[in-house]
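Morning, everyone. Please keep the structure open while I talk.

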Protein chains: 2
Amino acid sequence: MFKQSLINRFKDILGEDNVLTSKEDLLSYSFDSTPDFESIVPELVVMPESTEQVSEVVKIANEKEINIIPRGAGTNLCGGTIPVENSIVVVLTKMNKILEIDEENLTVTVEAGVITQAINEAVEARELFFPPDPGTVAVSTIGGNIAECAGGLRGLKYGVTKDYVMGVEVVLPTGKVINAGGKTVKNVTGYDLPSLYSGSEGTLGIITQATLKLLPLPDTKKSMMAIFDKLDGAAETISSIIRNKVIPVTLEIMDQVTIQSVEEFANIGLPTEAAAILLIEVDGIEEVVERDAKKVVKICKENGAREVKLAKNEEERFEIWEARRASLSALGRMRPTTILEDATVPRSNIPDMIRGVNKIAEKYDLHIGTFGHAGDGNLHPTILADERNEEEMKRVHKAVEEIFDLALGLDGTLSGEHGIGIAKAKYMTKELGEDGLQALRDIKFSLDPKGILNPHKVIGAGDNE
Amino acid sequence: MFKQSLINRFKDILGEDNVLTSKEDLLSYSFDSTPDFESIVPELVVMPESTEQVSEVVKIANEKEINIIPRGAGTNLCGGTIPVENSIVVVLTKMNKILEIDEENLTVTVEAGVITQAINEAVEARELFFPPDPGTVAVSTIGGNIAECAGGLRGLKYGVTKDYVMGVEVVLPTGKVINAGGKTVKNVTGYDLPSLYSGSEGTLGIITQATLKLLPLPDTKKSMMAIFDKLDGAAETISSIIRNKVIPVTLEIMDQVTIQSVEEFANIGLPTEAAAILLIEVDGIEEVVERDAKKVVKICKENGAREVKLAKNEEERFEIWEARRASLSALGRMRPTTILEDATVPRSNIPDMIRGVNKIAEKYDLHIGTFGHAGDGNLHPTILADERNEEEMKRVHKAVEEIFDLALGLDGTLSGEHGIGIAKAKYMTKELGEDGLQALRDIKFSLDPKGILNPHKVIGAGDNE
């Protein structure tokens with residue numbers, strides 16, 4: 001418990017209403033969207049309305065060695081915003097202004113707490129386009145998206161959040177405020193701090209503002225669904241589309257377990273005996289989209305697609321994507337606990353990855369549905385379990401570790417888009433080695449010598465040196 | 001002078017031929033392509049053939065606190081590879097193997113010493129495309145391009161080198177070897193080291209290998225030249241093209257001083273009374289290129305272009321680009337010393353930037369031609385002088401500083417693509433402030449506590465704390 005005098009210092013900075021101290025309020029910020037982690041109640045929750053306020057809060061925390069947990073909407077799946085002992089949660093949702101849309105330079109400048117969909121809507125009204133599109137786009141904040149380097153369905157063609165972060169304003173662990181990058185397409189003045197802070201998960205500073213790159217909104221798009229009796233056919237289709245120089249915006253896969261769950265849940269007429277479904281969308285100008293869609297349909301059929309549905313209008317397009325949208329909730333309703341992983345492999349290794357996950361499911365007698373962003377190799381093996389069943393959860397943890405080993409053995413990575421947080425921190429040396437992890441720790445503690453910013457996330461609980 | 005016993009240790013690691021000790025050899029590595037800097041002769045030059053050799057060399061340097069200057073072809077313009085006292089130049093040009101072109105995953109994996117054009121040629125043979133295209137592409141190495149985050153003519157549409165670096169192998173200042181990133185499009189496992197090392201100018205480690213992203217080779221391209229009597233017309237054209245949602249590959253500008261120099265030098269029929277020329281290229285599939293080219297021609301004319309030449313074939317395309325290719329050499333031959341800057345502004349501020357540079361030229365009675373990548377705001381004000389004339393060089397230095405202030409005042413950056421090196425290190429706080437520069441220093445010395453890797457570059461000569 002903080003002393004009242006300390007709490008008053010925060011109230012002086014932030015105003016009475018922006019400092020939460022009630023048990024109920026603190027409890028609401030003791031967890032995030034990550035299942036299977038013990039919640040820890042923070043000492044205080046503050047809701048700053050300006051960079052200056054963030055800076056003042058961090059200065060006090062630094063002085064008193066209080067831990068800071070920066071947080072947006074708390075939608076992350078890696079335990080990235082779960083508090084630690086002696087911590088203040090700094091919630092940025094009140095810093096929610098879109099500061100400028102610059103149509104000449106194709107940039108938008110925003111405060112960290114803006115909901116990402118609000119950015120999409122604001123720029124689309126001017127026929128511009130902010131491509132990163134995580135599943136939580138309607139609720140998650142841009143600051144959280146940058147901190148976790150959120151991905152989404154458009155990664156194959158358009159990349160991920162970091163590819164759109166041109167400039168950042170950051171409150172350092174000392175409370176000092178720095179700016180790096182900006183509105184120029186080219187900038188090599190010093191190390192690339194906008195990229196370093198993208199995906200830094202709140203461990204190196206608090207992102208308070210960002211300048212983001214925009215693209216012209218594509219003229220049109222076209223969606224397809226292809227149904228395969230054999231997994232190999234679907235896999236070969238993915239490779240063949242790329243080899244034929246078509247880069248779809250979105251190229252999603254659903255395996256049989258996922259198809260069956262969705263059908264049982266949503267009853268939308270999916271073929272439950274199919275081995276895999278591919279969902280594909282191409283975008284661009286009319287002529288290109290027509291040409292690419294035709295190519296894709298042809299490639300699907302050449303590789304044994306039993307059926308290819310091409311959406312003729314927006315309504316049909318919506319229907320095609322219904323299946324994908326329903327995947328997570330359909331899988332999620334089968335059991336009380338849904339563990340959604342995002343181990344990622346080079347796209348050519350997707351068939352081996354899916355087969356390997358199926359073997360792991362069999363070995364540990366678990367129900368695992370796999371769906372996700374096949375085009376960029378970012379699959380979501382989804383383990384269905386019950387966290388109250390200790391014995392089952394032990395099998396889950398073993399399976400998760402084997403999924404990571406499988407992905408790394410296939411030249412992949414622990415996490416494509418969900419982040420490391422505390423959930424995956426203990427696996428870091430598997431990918432980076434002791435020396436690689438030490439390099440990250442060196443960077444972390446050089447900027448945050450007291451280790452007060454989002455402790456234990458990314459780099460684990462190891463001390464400074 | 002190193003003791004013979006120490007030199008022998010290097011010879012044991014690298015072989016006799018890969019350790020250069022003669023005065024002539026050492027002298028050749030005492031400078032790079034940067035004018036107006038005092039050369040410092042290194043103690044030794046080594047040419048490793050493998051990552052292991054680089055690692056062993058760095059281990060000895062670390063043990064003995066000898067400075068290491070990593071170097072590719074030495075084409076940089078920021079003094080990025082000029083030695084310091086007590087240093088070994090590590091030349092990576094013998095590590096020149098293209099290790100793998102992966103057509104399924106659209107990646108190429110290379111050693112650091114491969115010449116960038118060799119990568120272009122190898123991947124284009126498979127109808128793939130590595131977009132970064134610095135002016136030195138035919139001689140510079142990919143390791144150098146990554147270390148400086150080289151830009152080039154295609155930045156507007158395709159970005160810069162860092163946008164294509166998916167994975168790196170790095171020898172740390174301790175000699176330890178780490179790998180980060182890889183072949184997956186999405187990777188959020190730890191801080192983004194591939195981006196941090198892109199543009200780190202050899203100060204945080206030696207990049208020995210990289211995995212680079214490739215794109216499908218565009219089907220076709222089309223080039224245009226538009227001649228303007230008024231600078232404002234050219235400037236308005238640039239903005240209007242982007243506003244009309246055309247993103248050219250290349251959108252270059254040459255101002256009157258440059259036009260006149262090129263014409264005097266090359267005699268290719270340029271209109272010497274024109275205020276500015278724009279050179280524009282669009283690429284993509286046939287239909288898009290046709291549509292975009294028509295749009296661009298129309299926009300040029302609407303904004304007062306006196307004439308627009310559209311290349312009808314490869315020969316005419318070559319002719320159009322002749323003027324741009326000749327710009328630097330034409331300006332360069334007018335005076336003994338060419339100071340090529342790359343201060344960069346948001347593209348909407350280009351007219352103000354060009355006008356401002358002209359005023360500075362007048363104020364200091366200097367000849368400054370401006371050309372460059374108007375589409376991405378990366379201009380090259382080129383000051384023509386004689387470094388033997390001390391009084392003139394004083395004016396040059398004052399003008400350079402004012403050009404930086406001008407760019408920063410227009411929301412720009414000190415360097416768009418040439419890097420900071422030692423040439424611009426003293427101006428860093430102008431852009432990043434003391435706190436921003438300190439953050440870079442903290443990162444630098446966390447990874448390189450003895451400060452042996454390319455000392456004084458980027459962060460200046462300030463000590464660790």
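**The interface between chains A and B**

Chain B puts 78 residues into the contact, and chain A puts in 78 residues. Keep in mind that this is a predicted model.

Now the area. About 6,500 Å² is buried between chain B and chain A. Carbon and sulfur atoms give 61% of that. Which residues of chain B lose the most area to chain A? They are K186(B), V188(B) and Y191(B). Together these three make up 15% of what the chain B side buries.

Where does the chain B side come from? Elements giving two or more residues include strand β9 (177–181) and the helices α7 (193–197), α8 (231–243), α10 (286–302) and α14 (428–447). The largest share comes from α14(B), with 12 residues. By class, the side of chain B that touches chain A has 30 nonpolar, 26 polar and 22 charged residues.

Last, the core. In soluble globular proteins, nonpolar side chains tend to be buried together. Here the largest nonpolar core has 185 residues. L212 and I253, in both chain A and chain B, touch the most other members. Take I253(B). Leaving out residues up to four places away in sequence, its contacts include L231(B), A234(B), I238(B), I354(B), F371(B) and L379(B).

Terms used: Residues numbered from 1 in each chain as written. Chains lettered and ligands numbered in written order. Predicted model: local features only at pLDDT ≥ 70, side-chain atom pairs only at ≥ 80, totals over all residues. Heavy atoms only, no water. Contact = heavy atoms within 4.5 Å. Buried area = accessible area lost by both parts, 1.4 Å probe. Helix = DSSP H or I, 4+ residues; strand = E, 2+ residues; numbered from the N terminus. Nonpolar A, V, L, I, M, F, W, Y, C, P; charged D, E, K, R; others polar. Core = buried A, V, L, I, M, F, W, Y, C linked by side-chain atoms within 4.5 Å. Buried < 20%, exposed > 50% of the residue type's maximum accessible area, 1.4 Å probe, protein only.
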